[in-house]
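Welcome, and thanks for taking a look at this protein with us.

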Amino acid sequence: MAELDCITFLSHGTLESRDLEKTRAFYEQCLGMQTIRTSPVSLMIRLGGNNTIAVVQNPRKAEMPLLNHNGLDVPNREDVDRCHRVLEEGKEKWGIQKITRPADQHGTYSFYFSDLDGNWWEILTNPPGGYAWMFSQGGDLQAWGAGKDDKVNPNAFKGRGKS
Ligand SMILES: [Fe+2]
């Protein structure tokens, strides 16, 4: 039993935005997020569940490091490629700063992009429920993304190098 056993839900994280109206348009019209304006300087966003991100305006926000990215799941590899194409084409329209090439990495197929606010996202293939499958065998995985001995990775992952 945890010391703070009254904690029941990981409800939200936070992101910063330089211009809330532009950010909101990108989240809604490009990424398909649900958004709610919660104050003149804040938004709440969610997609596919009740975990949310509070987005707070800060015109002087710093660049986000890639390792702090948030993940956006799609059903299969073809969807990853399609998202990549659409974002490449909409780079100027949406002010996207950087886009990496799709690759098989950490047990999934994905790419990363840095949006108009310098916030990093990863678009990856995952089954419904996201990374819930990682908890399905009831113990720790042997490798991040599930190595070939874990037998729980449901993704169409193509391991690199010698196997
Ligand atoms: Fe990730």
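How many bridges join strand β7 to β8, and do these strands run parallel or antiparallel? Three bridges join β7, residues 103-105, to β8, and the two strands run antiparallel. Please keep in mind that this is a predicted model. With that pairing as a starting point, here is a tour by topic.

**The chain as a whole**

- The protein chain holds three helices and nine strands.
- Followed along the sequence, these elements come in the pattern β-α-β-β-β-β-α-α-β-β-β-β.
- A box of roughly 50 × 45 × 25 Å, taken along the principal axes, is filled by the C-alpha atoms of the chain.
- Of the 163 residues in the chain, 17% are buried.
- Among contacts with a separation of 6 or more, 50% are between residues 24 or more positions apart.

**Around β8**

- β8 (108-114) is mostly covered, with five of its seven residues buried.
- β7 and β8 make a hairpin with two residues between them, and H106 in the turn has a positive phi of about 35°.
- β8 is also joined to β9 by five bridges, and these strands run antiparallel.
- Here S114 stands opposite W120 in β9.
- The hairpin of β8 and β9 has five residues between the strands, and G118 takes a positive phi near 75°.
- Strand β6, residues 98-99, is antiparallel to β8 as well, joined to β8 by two bridges.
- S114 turns up again in this pairing, as the bridge partner of K98.

**The nonpolar cores**

- Nine residues make up the largest nonpolar core: V80, C83, Y109, Y112, F113, W120, W121, I123 and L124.
- Two or more residues of this core come from each of α2 (77-89), β8 (108-114) and β9 (120-125).
- The biggest contribution is from β9, which gives four residues.
- Apart from this core lies another one, with seven residues that include L15, L20, L43 and V55.
- As background, nonpolar side chains tend to be buried together in soluble globular proteins.
- V80, one of the residues in the largest core, touches V74, P102, Y109, S110, F111, I123, L124 and T125, leaving aside residues up to four places away in sequence.

**The four-stranded sheet**

- An open sheet with mixed pairing is formed by four strands in the order β1-β4-β3-β2.
- β1 (12-17) and β2 (34-39) stand at the edges with a single partner strand each, so one side of each has no neighbour in the sheet.
- On average, neighbouring strands of this sheet are turned by 25° against each other, direction ignored.
- β1 and β4 (residues 52-57) run parallel and are joined by six bridges.
- Within that pair, T14 has A54 in β4 as its bridge partner.

- The chain is divided into domain 1, residues 1-61, and domain 2, residues 63-158.
- Their C-alpha centres lie 19 Å apart.
- Domain 1 brings 11 residues to the contact, and domain 2 brings eight residues.
- On the domain 1 side, β1 and α1 (20-30) are the elements that give two or more residues.
- α1 provides the largest share of that side, with four residues.
- Sorted by class, the side of domain 1 that touches domain 2 has five nonpolar, two polar and four charged residues.

Notes: Residues numbered from 1 in each chain as written. Predicted model: local features only at pLDDT ≥ 70, side-chain atom pairs only at ≥ 80, totals over all residues. Pairing = 2+ DSSP bridges. Axes fitted to C-alpha atoms, helices over the stretch in contact; angles between N-to-C directions. Buried ≥ 20, exposed ≤ 12 C-beta atoms within 10 Å, placed from the backbone. Contact = placed C-beta atoms within 7 Å. Core = buried A, V, L, I, M, F, W, Y, C linked by C-beta atoms within 7 Å. Domains from an automatic or database assignment. Nonpolar A, V, L, I, M, F, W, Y, C, P; charged D, E, K, R; others polar.
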